[in-house]
2 protein chains.
Amino acid sequence: MNRRNTVQRQLVAETILNLDHPNAEQVYEEIVKNHPHVSKATVYRNLNLLAEQQEIGKIETSEGAARFDFRTQPHYHLRCRKCGRLFDAEIPVFEHLEENLRNTGGFTVEKHIVEFIGICSDCKNKN
Amino acid sequence: MNRRNTVQRQLVAETILNLDHPNAEQVYEEIVKNHPHVSKATVYRNLNLLAEQQEIGKIETSEGAARFDFRTQPHYHLRCRKCGRLFDAEIPVFEHLEENLRNTGGFTVEKHIVEFIGICSDCKNKN
DNA sequence: TATTAATTGATAATGAATATCAATAAGAGC
DNA sequence: GCTCTTATTGATATTCATTATCAATTAATA
(Lines give C-alpha, C1' and ligand atoms only; values in the text may rest on other atoms or scores of the structure.)
Protein backbone atom coordinates (compact mmCIF):
# COMPACT_ATOMS: atom_id res chain seq x y z
CA MET A 1 0.00 0.00 0.00
CA ASN A 2 2.83 2.39 0.83
CA ARG A 3 4.62 3.90 -2.06
CA ARG A 4 8.27 2.94 -2.27
CA ASN A 5 11.02 5.15 -3.49
CA THR A 6 12.71 3.05 -6.15
CA VAL A 7 15.59 4.05 -8.35
CA GLN A 8 13.40 3.47 -11.41
CA ARG A 9 10.64 5.74 -10.16
CA GLN A 10 13.17 8.41 -9.31
CA LEU A 11 14.61 8.15 -12.80
CA VAL A 12 11.23 8.56 -14.44
CA ALA A 13 10.39 11.59 -12.32
CA GLU A 14 13.73 13.24 -13.08
CA THR A 15 13.69 12.45 -16.76
CA ILE A 16 10.34 14.14 -17.25
CA LEU A 17 11.93 17.40 -16.13
CA ASN A 18 14.44 17.28 -18.95
CA LEU A 19 12.16 16.43 -21.85
CA ASP A 20 9.56 18.47 -23.68
CA HIS A 21 6.19 16.70 -23.69
CA PRO A 22 7.72 13.26 -24.22
CA ASN A 23 5.78 10.10 -24.83
CA ALA A 24 6.49 6.94 -22.84
CA GLU A 25 8.86 5.63 -25.50
CA GLN A 26 10.96 8.78 -25.38
CA VAL A 27 11.19 8.67 -21.60
CA TYR A 28 12.25 5.05 -21.85
CA GLU A 29 14.90 5.79 -24.48
CA GLU A 30 16.33 8.58 -22.37
CA ILE A 31 16.54 6.39 -19.29
CA VAL A 32 18.11 3.34 -20.92
CA LYS A 33 20.97 5.50 -22.19
CA ASN A 34 22.41 5.41 -18.71
CA HIS A 35 20.39 2.59 -17.15
CA PRO A 36 20.06 -0.23 -19.66
CA HIS A 37 18.49 -2.54 -17.11
CA VAL A 38 15.27 -0.55 -16.72
CA SER A 39 12.25 -2.17 -18.33
CA LYS A 40 9.81 -0.37 -20.57
CA ALA A 41 6.92 -1.74 -18.54
CA THR A 42 8.38 -0.05 -15.47
CA VAL A 43 8.55 3.26 -17.29
CA TYR A 44 4.89 2.97 -18.30
CA ARG A 45 3.90 1.97 -14.79
CA ASN A 46 5.70 4.85 -13.15
CA LEU A 47 4.53 7.42 -15.63
CA ASN A 48 0.97 6.42 -14.91
CA LEU A 49 1.50 6.28 -11.18
CA LEU A 50 3.10 9.71 -11.06
CA ALA A 51 0.30 11.08 -13.23
CA GLU A 52 -2.37 9.56 -10.96
CA GLN A 53 -0.73 11.17 -7.98
CA GLN A 54 -0.62 14.51 -9.79
CA GLU A 55 3.14 14.78 -9.74
CA ILE A 56 3.30 14.96 -13.51
CA GLY A 57 0.73 15.67 -16.17
CA LYS A 58 -0.56 13.11 -18.63
CA ILE A 59 -1.84 14.45 -21.91
CA GLU A 60 -3.95 12.13 -23.97
CA THR A 61 -4.12 13.78 -27.34
CA SER A 62 -6.63 12.97 -30.02
CA GLU A 63 -4.01 11.02 -31.95
CA GLY A 64 -0.99 8.92 -31.21
CA ALA A 65 0.71 8.08 -27.96
CA ALA A 66 0.02 9.84 -24.67
CA ARG A 67 2.45 12.60 -23.70
CA PHE A 68 3.73 13.49 -20.27
CA ASP A 69 4.47 16.88 -18.83
CA PHE A 70 6.24 18.26 -15.79
CA ARG A 71 3.56 20.97 -15.74
CA THR A 72 0.62 19.87 -13.64
CA GLN A 73 -1.56 22.98 -13.82
CA PRO A 74 -4.34 22.88 -16.43
CA HIS A 75 -3.32 24.34 -19.76
CA TYR A 76 -3.94 23.73 -23.43
CA HIS A 77 -1.73 22.38 -26.18
CA LEU A 78 -0.98 22.74 -29.83
CA ARG A 79 -0.26 19.50 -31.64
CA CYS A 80 1.59 19.26 -34.92
CA ARG A 81 -0.23 16.83 -37.16
CA LYS A 82 2.98 16.00 -39.02
CA CYS A 83 5.50 15.26 -36.28
CA GLY A 84 3.09 14.91 -33.37
CA ARG A 85 5.03 17.26 -31.14
CA LEU A 86 3.15 19.21 -28.48
CA PHE A 87 3.56 22.86 -27.61
CA ASP A 88 2.01 24.81 -24.77
CA ALA A 89 -0.78 27.12 -25.86
CA GLU A 90 -0.22 30.56 -24.40
CA ILE A 91 -3.84 31.36 -23.73
CA PRO A 92 -5.63 31.32 -20.41
CA VAL A 93 -7.74 28.34 -19.42
CA PHE A 94 -11.51 28.81 -19.64
CA GLU A 95 -12.32 28.60 -15.97
CA HIS A 96 -16.05 28.79 -16.37
CA LEU A 97 -16.53 26.78 -19.51
CA GLU A 98 -17.78 23.67 -17.78
CA GLU A 99 -20.42 25.52 -15.85
CA ASN A 100 -22.50 25.91 -19.00
CA LEU A 101 -22.63 22.16 -19.27
CA ARG A 102 -22.81 20.81 -15.75
CA ASN A 103 -25.42 18.09 -15.57
CA THR A 104 -26.34 18.36 -19.21
CA GLY A 105 -28.88 15.60 -19.48
CA GLY A 106 -27.52 14.06 -16.31
CA PHE A 107 -23.94 14.19 -17.55
CA THR A 108 -21.52 15.47 -14.95
CA VAL A 109 -18.56 17.27 -16.48
CA GLU A 110 -15.33 16.83 -14.56
CA LYS A 111 -12.81 18.45 -16.84
CA HIS A 112 -12.25 19.60 -20.36
CA ILE A 113 -9.52 19.48 -22.96
CA VAL A 114 -8.74 22.02 -25.65
CA GLU A 115 -6.36 20.97 -28.37
CA PHE A 116 -5.19 23.04 -31.32
CA ILE A 117 -4.09 21.10 -34.36
CA GLY A 118 -1.90 22.39 -37.15
CA ILE A 119 1.65 22.43 -38.46
CA CYS A 120 4.70 23.45 -36.49
CA SER A 121 7.34 25.69 -38.01
CA ASP A 122 9.89 22.87 -38.31
CA CYS A 123 7.53 20.70 -40.35
CA LYS A 124 6.46 23.69 -42.42
CA ASN A 125 10.03 24.27 -43.49
CA LYS A 126 10.70 20.63 -44.24
CA ASN A 127 8.21 19.74 -46.95
CA MET B 1 -8.57 7.43 -59.13
CA ASN B 2 -12.32 7.69 -59.61
CA ARG B 3 -14.45 6.82 -56.66
CA ARG B 4 -16.72 3.84 -57.23
CA ASN B 5 -20.10 3.36 -55.75
CA THR B 6 -19.86 -0.03 -54.07
CA VAL B 7 -22.49 -1.77 -52.02
CA GLN B 8 -20.12 -1.80 -49.07
CA ARG B 9 -19.48 1.93 -49.21
CA GLN B 10 -23.19 2.58 -49.48
CA LEU B 11 -23.80 0.42 -46.43
CA VAL B 12 -21.24 2.27 -44.37
CA ALA B 13 -22.67 5.65 -45.33
CA GLU B 14 -26.22 4.55 -44.50
CA THR B 15 -25.33 2.84 -41.26
CA ILE B 16 -23.69 5.96 -39.88
CA LEU B 17 -27.06 7.70 -40.10
CA ASN B 18 -28.65 5.19 -37.77
CA LEU B 19 -26.06 5.07 -35.04
CA ASP B 20 -25.09 7.57 -32.36
CA HIS B 21 -21.37 8.35 -32.51
CA PRO B 22 -20.39 4.75 -33.24
CA ASN B 23 -16.86 3.46 -33.42
CA ALA B 24 -15.69 1.36 -36.36
CA GLU B 25 -16.44 -1.87 -34.55
CA GLN B 26 -20.04 -0.85 -33.94
CA VAL B 27 -20.54 0.12 -37.56
CA TYR B 28 -19.11 -3.22 -38.58
CA GLU B 29 -21.35 -5.16 -36.18
CA GLU B 30 -24.41 -3.35 -37.48
CA ILE B 31 -23.54 -4.09 -41.09
CA VAL B 32 -22.72 -7.77 -40.68
CA LYS B 33 -26.14 -8.38 -39.15
CA ASN B 34 -27.58 -8.23 -42.64
CA HIS B 35 -24.44 -8.53 -44.74
CA PRO B 36 -22.16 -11.14 -43.21
CA HIS B 37 -19.77 -11.06 -46.13
CA VAL B 38 -18.55 -7.52 -45.50
CA SER B 39 -15.02 -7.34 -44.13
CA LYS B 40 -14.01 -5.25 -41.17
CA ALA B 41 -11.12 -3.82 -43.17
CA THR B 42 -13.60 -2.55 -45.71
CA VAL B 43 -15.58 -0.81 -43.01
CA TYR B 44 -12.45 0.90 -41.71
CA ARG B 45 -11.42 1.88 -45.21
CA ASN B 46 -14.77 3.38 -46.08
CA LEU B 47 -15.19 5.18 -42.80
CA ASN B 48 -11.86 6.86 -43.36
CA LEU B 49 -12.57 7.60 -47.00
CA LEU B 50 -15.95 9.16 -46.23
CA ALA B 51 -14.38 11.18 -43.43
CA GLU B 52 -11.60 12.43 -45.72
CA GLN B 53 -14.18 13.52 -48.22
CA GLN B 54 -16.14 15.30 -45.49
CA GLU B 55 -19.25 13.21 -45.89
CA ILE B 56 -19.10 12.05 -42.32
CA GLY B 57 -17.24 13.31 -39.27
CA LYS B 58 -14.39 11.48 -37.60
CA ILE B 59 -13.87 12.21 -33.94
CA GLU B 60 -10.57 11.16 -32.47
CA THR B 61 -11.11 11.44 -28.76
CA SER B 62 -8.35 11.54 -26.18
CA GLU B 63 -9.00 7.92 -25.29
CA GLY B 64 -10.15 4.75 -26.97
CA ALA B 65 -11.33 4.12 -30.49
CA ALA B 66 -12.21 6.84 -32.98
CA ARG B 67 -15.91 7.67 -33.33
CA PHE B 68 -17.82 8.60 -36.43
CA ASP B 69 -20.64 11.05 -36.83
CA PHE B 70 -23.18 11.93 -39.49
CA ARG B 71 -22.81 15.55 -38.37
CA THR B 72 -20.05 17.24 -40.33
CA GLN B 73 -20.28 20.77 -38.96
CA PRO B 74 -17.78 21.62 -36.20
CA HIS B 75 -19.12 20.98 -32.73
CA TYR B 76 -17.87 19.77 -29.38
CA HIS B 77 -18.44 16.56 -27.47
CA LEU B 78 -18.86 15.20 -24.00
CA ARG B 79 -17.19 11.86 -23.39
CA CYS B 80 -18.11 9.50 -20.58
CA ARG B 81 -14.91 8.18 -19.01
CA LYS B 82 -16.70 5.02 -17.90
CA CYS B 83 -18.50 3.78 -20.99
CA GLY B 84 -16.73 5.93 -23.58
CA ARG B 85 -19.95 7.12 -25.17
CA LEU B 86 -20.00 10.52 -26.85
CA PHE B 87 -22.68 13.17 -26.58
CA ASP B 88 -23.00 16.42 -28.47
CA ALA B 89 -22.15 19.47 -26.39
CA GLU B 90 -24.89 22.05 -26.76
CA ILE B 91 -22.67 25.08 -26.71
CA PRO B 92 -21.63 27.20 -29.67
CA VAL B 93 -18.25 26.69 -31.27
CA PHE B 94 -15.59 29.31 -30.47
CA GLU B 95 -15.25 30.82 -33.91
CA HIS B 96 -12.44 33.17 -33.04
CA LEU B 97 -10.47 31.02 -30.65
CA GLU B 98 -7.78 30.12 -33.12
CA GLU B 99 -7.10 33.71 -34.06
CA ASN B 100 -5.36 34.27 -30.74
CA LEU B 101 -2.90 31.57 -31.67
CA ARG B 102 -2.35 31.82 -35.38
CA ASN B 103 1.35 31.54 -36.12
CA THR B 104 2.35 31.19 -32.50
CA GLY B 105 6.06 30.68 -32.85
CA GLY B 106 5.58 29.73 -36.45
CA PHE B 107 2.87 27.21 -35.63
CA THR B 108 -0.11 27.45 -37.96
CA VAL B 109 -3.34 26.42 -36.30
CA GLU B 110 -5.79 24.68 -38.61
CA LYS B 111 -8.51 23.57 -36.23
CA HIS B 112 -9.25 22.93 -32.61
CA ILE B 113 -10.97 20.34 -30.50
CA VAL B 114 -12.86 20.81 -27.26
CA GLU B 115 -13.73 17.71 -25.30
CA PHE B 116 -15.60 17.57 -22.01
CA ILE B 117 -14.90 14.53 -19.89
CA GLY B 118 -17.09 13.20 -17.12
CA ILE B 119 -19.71 10.62 -16.25
CA CYS B 120 -22.94 10.08 -18.14
CA SER B 121 -26.21 9.56 -16.32
CA ASP B 122 -26.39 5.88 -17.20
CA CYS B 123 -22.99 5.13 -15.69
CA LYS B 124 -23.80 7.30 -12.68
CA ASN B 125 -26.85 5.19 -11.90
CA LYS B 126 -25.07 1.89 -12.38
CA ASN B 127 -22.45 1.77 -9.61
C1' DT C 1 -18.41 -6.98 -73.94
C1' DA C 2 -13.72 -6.28 -72.86
C1' DT C 3 -10.62 -3.53 -70.26
C1' DT C 4 -8.49 -1.55 -66.21
C1' DA C 5 -7.92 0.09 -62.03
C1' DA C 6 -10.56 0.94 -57.73
C1' DT C 7 -12.11 -1.95 -54.29
C1' DT C 8 -12.72 -5.94 -51.53
C1' DG C 9 -11.90 -9.95 -48.21
C1' DA C 10 -8.91 -12.39 -45.47
C1' DT C 11 -5.33 -12.06 -42.75
C1' DA C 12 -0.80 -10.51 -41.18
C1' DA C 13 1.46 -6.78 -39.09
C1' DT C 14 1.93 -2.68 -36.41
C1' DG C 15 2.03 0.35 -32.31
C1' DA C 16 0.68 1.71 -27.86
C1' DA C 17 -0.42 0.09 -23.69
C1' DT C 18 -1.68 -3.33 -20.18
C1' DA C 19 -1.60 -8.06 -18.00
C1' DT C 20 0.94 -11.78 -16.08
C1' DC C 21 3.98 -13.70 -12.85
C1' DA C 22 8.12 -15.20 -10.75
C1' DA C 23 12.06 -12.72 -8.86
C1' DT C 24 13.71 -8.75 -6.44
C1' DA C 25 14.21 -5.24 -3.04
C1' DA C 26 12.29 -1.06 -0.13
C1' DG C 27 11.06 -0.02 4.19
C1' DA C 28 9.14 -1.30 8.75
C1' DG C 29 9.81 -3.70 12.95
C1' DC C 30 12.70 -6.14 15.76
C1' DG D 1 22.09 -5.31 11.01
C1' DC D 2 18.57 -9.02 9.99
C1' DT D 3 14.00 -10.60 8.79
C1' DC D 4 9.64 -10.18 6.91
C1' DT D 5 6.07 -8.40 4.11
C1' DT D 6 4.59 -6.84 0.00
C1' DA D 7 5.32 -3.11 -3.39
C1' DT D 8 7.84 -3.15 -7.37
C1' DT D 9 10.46 -4.86 -11.13
C1' DG D 10 11.90 -7.26 -15.61
C1' DA D 11 10.71 -10.01 -19.24
C1' DT D 12 7.38 -11.22 -22.01
C1' DA D 13 2.71 -12.34 -23.55
C1' DT D 14 -1.52 -10.26 -24.60
C1' DT D 15 -4.92 -6.94 -25.88
C1' DC D 16 -6.96 -3.50 -28.72
C1' DA D 17 -7.51 -0.44 -32.53
C1' DT D 18 -5.94 0.19 -36.80
C1' DT D 19 -3.28 -0.23 -41.06
C1' DA D 20 -0.67 -3.04 -44.55
C1' DT D 21 -0.55 -6.65 -47.85
C1' DC D 22 -2.05 -8.88 -51.87
C1' DA D 23 -4.55 -11.82 -54.82
C1' DA D 24 -9.33 -11.85 -56.33
C1' DT D 25 -13.29 -9.24 -57.54
C1' DT D 26 -16.07 -5.84 -59.73
C1' DA D 27 -17.68 -0.93 -61.02
C1' DA D 28 -17.45 2.08 -64.56
C1' DT D 29 -15.80 3.46 -68.98
C1' DA D 30 -14.91 2.93 -73.73
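**Getting to know chain A**

Me: Which residues of helix 1 of chain A are buried?

Reply: In this predicted model, the buried residues of helix 1 of chain A are R9(A), L11(A), V12(A), T15(A) and I16(A).

Me: What puts them on the same side of helix 1 of chain A?

Reply: Around the axis they cover an arc of only 160 degrees, so they sit on the same side of helix 1 of chain A.

Me: What covers the buried residues of helix 1 of chain A?

Reply: The cover includes helix 2 (24-34), helix 3 (40-52) and strand 2 (67-69) of chain A.

Me: How do you know that the reach of helix 1 of chain A is close to what is expected?

Reply: Helix 1 spans residues 7-18, which makes twelve residues.

Me: Let's turn to a loop. Where is V38(A) found?

Reply: V38(A) lies in the loop between helix 2 and helix 3 of chain A.

Me: Why is V38(A) called buried?

Reply: Buried means under 20% relative accessible area. V38(A) has 4%, so V38(A) counts as buried.

Me: Which residues is V38(A) in contact with, leaving aside its neighbours within four places in sequence?

Reply: They are Q8(A), L11(A), Y28(A), I31(A), V32(A) and V43(A). Being in contact here means having heavy atoms within 4.5 Å. One of these partners, L11(A), is 27 residues from V38(A) along the chain, and their C-alpha atoms are separated by 9.6 Å. L11(A) is also one of the buried residues of helix 1 of chain A.

Me: Stepping back, how many helices and strands does chain A have?

Reply: Chain A has four helices and five strands. From the N terminus on, they run α-α-α-β-β-β-β-β-α. Of the 127 residues of chain A, 43% count as buried.

Me: What about charge: how many positive and negative side chains does chain A have?

Reply: There are 17 positive and 18 negative side chains in chain A, and the centres of the two sets lie 5 Å apart.

Key. Residues numbered from 1 in each chain as written. Chains lettered and ligands numbered in written order. Predicted model: local features only at pLDDT ≥ 70, side-chain atom pairs only at ≥ 80, totals over all residues. Heavy atoms only, no water. Helix = DSSP H or I, 4+ residues; strand = E, 2+ residues; numbered from the N terminus. Buried < 20%, exposed > 50% of the residue type's maximum accessible area, 1.4 Å probe, protein only. Lys, Arg positive; Asp, Glu negative; His and termini not counted. Charge placed at Lys NZ, Arg CZ, Asp CG, Glu CD. Expected span 1.5 Å × (residues − 1). Arc of directions from axis to C-beta.
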